[in-house]
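Good morning, and thank you for making time for this presentation.

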Amino acid sequence: MENSNGAIAKLLGIAAVVGLAAGGGAVAFLAAEHQLQKILWSDVTDAIGGTPGWYVFVVLIAGALGVFLATKLPGGGGHRPLDGLGFNTGPKQIGSVLVAALVSLAVGAVVGPEAPLMAVGSAVGGFVAMRAPQPAQKVLMVAGAAAAITMILGNPMVSAVLVLEGAVLKGSPGGKKVMMAVLPVLIAMGFGYLVQVGVGDWSGVGQSQLAVPGLPAYDTVQVADLGWAFVVALAAAILAVLAVEAGTMFQDRIPNVLVKLLIGGTIVAAAAVITRAITGEGVDTILFSGQEAMTTVLGLTSASVLVVIAIAKTIAYSASLGAAFRGGMVFPSVYLGVVIATAATLMLDGVNLSAMVATGIAASVAGVMRLPFTAVLLALLLCAGAGLAVTTPAIIGAVVGVLVRGAADARLAKDEAQPEHESLTAG
């Protein structure tokens, strides 16, 4: 018993080290991403006197070539977004993962930073646990991934719920095995969070400002909001699921990786340039994950402009996923939810913006990730400034999102089974 407790204590101690190292690695990655984006979309565009359409196409196509070259390195550029969450990137693969992700995020592909952050943390865990037994090594890689993603999600508990739901979705064993796997993950996230909040006299690097800015107060749930929440959730979930399903079809039907990336980059650039021509809004309303553009969206007063942005962003998001630009699926879906909610608020009288934003975020994230508890918690974190009354609309959104995704999955499964059935009948 003492030996068992000693082994657990040692594992938790190592997990704390992994968490600190993963947090530091995540900070370095985000700093590099920010600097590259600044060079491409601020320094260069200032030097040439603006952001002409040709420049958007050149950057996206060059980015597609860059990602393609990264896929030829050891590790193949890491997980494709549509492959789901990855907790198993090792030290030998991390180089290609970092190159592919930094290129994807810097050039404006519609993917989020959460997937490469998880890869950084996973590689840190794998490096620290290189000589550890295989079960401990796997646990510490998951722990590192969770600690790193906390740097962008802003709170360890969101990461904890995401990891737990991800484990359940993949059929993780129950009881004591789950608990022993979760404890190192939790301790790593807690210590990784110290990099943000600091210890003692050191103030840390600062907390992630993960929030939808400027939402009105929402202290009491309104009856009308409950009804309209279903409508907003349905619209947001349908768009998000369409992006994933269309992206999956695109990914599966074009086998050549380079061709796929070039087509995807061209579609993303076209969506951004055409949207600017129609709406007068900057290309950044379509490019990137959408984190920085949420303030712009909330300030728009034209529902038709928001509808154009929603459609174009869905197309760009789908193309980025299908082309396998490297990055995460969460933050573009959050942005879609905010756009749909803002448009709905402009079209409907007496509907609260905060309630609809929470609904839209939860519906989009749940529809993309199939993780309803994570979707609700993320919506609450993003909308917490408005008040906790947004909880019920967020829950409605998450439930609708999962149901829409389930219906889409069932339809696809039926369509895939149909040709096989017809073949058997004909035989």
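This is a predicted model: local features need pLDDT of at least 70, side-chain atom pairs count only at pLDDT 80 or more; totals for chains, interfaces and linings use all residues.

I begin with Ser-320, which touches Ala-109, Val-110, Val-111, Val-268 and Phe-325, leaving out residues up to four places away in sequence. Ser-320 is found in helix α11. Is Ser-320 buried or exposed? Ser-320 counts as buried, because its relative accessibility is 0%.

Ser-364 is found in helix α13, and with a relative accessible area of 0% it is buried. Which residues does Ser-364 contact, once its neighbours within four places in sequence are set aside? They are Ala-236, Ala-240, Ser-333, Leu-336 and Gly-337.

Let me now step back to the chain as a whole. Its secondary structure comes to 15 helices and 0 strands. The protein chain has 427 residues, and 52% of them count as buried. Its accessible surface comes to about 18200 Å², with 67% of that area belonging to carbon and sulfur atoms. Consider next the contacts between residues at least 6 apart in sequence: 78% of these join residues at least 24 apart.

One pair shows such a separation along the chain. Ala-115 and Arg-326 are 211 residues apart along the chain, yet their C-alpha atoms are separated by 8.0 Å. Ala-115 is found in helix α4, which covers residues 114–128. Setting aside neighbours within four places in sequence, Ala-115 is in contact with Gly-327 and Gly-328. Ala-115 counts as partly exposed, because its relative accessibility is 31%.

The largest nonpolar core has 128 residues. Which residues have the most contacts inside this core? They are Trp-41, Val-56, Val-212, Leu-287, Val-357 and Ile-361. Helix α13, residues 353–369, gives the most to this core, with 12 residues. There is also a second, separate core of 5 residues, and it includes Val-97, Ala-119, Val-120 and Ala-123.

Leu-287 deserves a moment on its own. Apart from its neighbours within four places in sequence, Leu-287 is in contact with Trp-41, Val-56, Leu-60, Gly-108, Val-268, Ala-272 and Lys-313. Among these partners, Val-268 is also touched by Ser-320, with which this talk began.

Which helices each supply at least two residues of the nonpolar patch? They are α9 (257–279), α11 (303–323) and α12 (330–347). As one example, Ile-263 is found in helix α9 and counts as partly exposed, because its relative accessibility is 33%.

My last topic is charge. Side chains of opposite charge can pair when their charged atoms come close. A search of the whole structure finds 5 salt bridges. In one of them, the side chains of Lys-38 and Asp-43 meet with an N to O distance of 3.0 Å. Lys-38 is partly exposed, at a relative accessible area of 35%, and Asp-43 is partly exposed as well, at 33%. In another, the side chains of Arg-80 and Asp-83 meet at 3.2 Å, N to O. Here Arg-80 is partly exposed, with a relative accessible area of 30%, and Asp-83 counts as partly exposed at 40% relative accessibility.

The side chains of Arg-405 and Asp-409 also meet in a salt bridge, at 3.2 Å from N to O. Why are Arg-405 and Asp-409 separated by about one helical turn? The separation is about one turn because they are 4 residues apart in helix α15, residues 391–426. Arg-405 is buried, with a relative accessible area of 7%, whereas Asp-409 is partly exposed, with 24%. Salt bridges that share partners join Glu-245, Arg-370, Arg-405 and Asp-409 into one network.

That concludes my presentation; thank you for your attention.

Conventions:
Residues are numbered from 1 along each chain as its sequence is written. Side-chain values use heavy atoms; hydrogens and water are left out. Buried means under 20% relative accessible area, exposed over 50%, partly exposed in between (1.4 Å probe, protein chains only). Contact means heavy atoms within 4.5 Å. Accessible areas come from the Shrake-Rupley method with a 1.4 Å probe; for residues, only the protein chains shown count as cover. A nonpolar core is a set of buried Ala, Val, Leu, Ile, Met, Phe, Trp, Tyr and Cys residues joined through side-chain atoms within 4.5 Å. A salt bridge is a side-chain nitrogen of Lys or Arg within 4 Å of a carboxyl oxygen of Asp or Glu.
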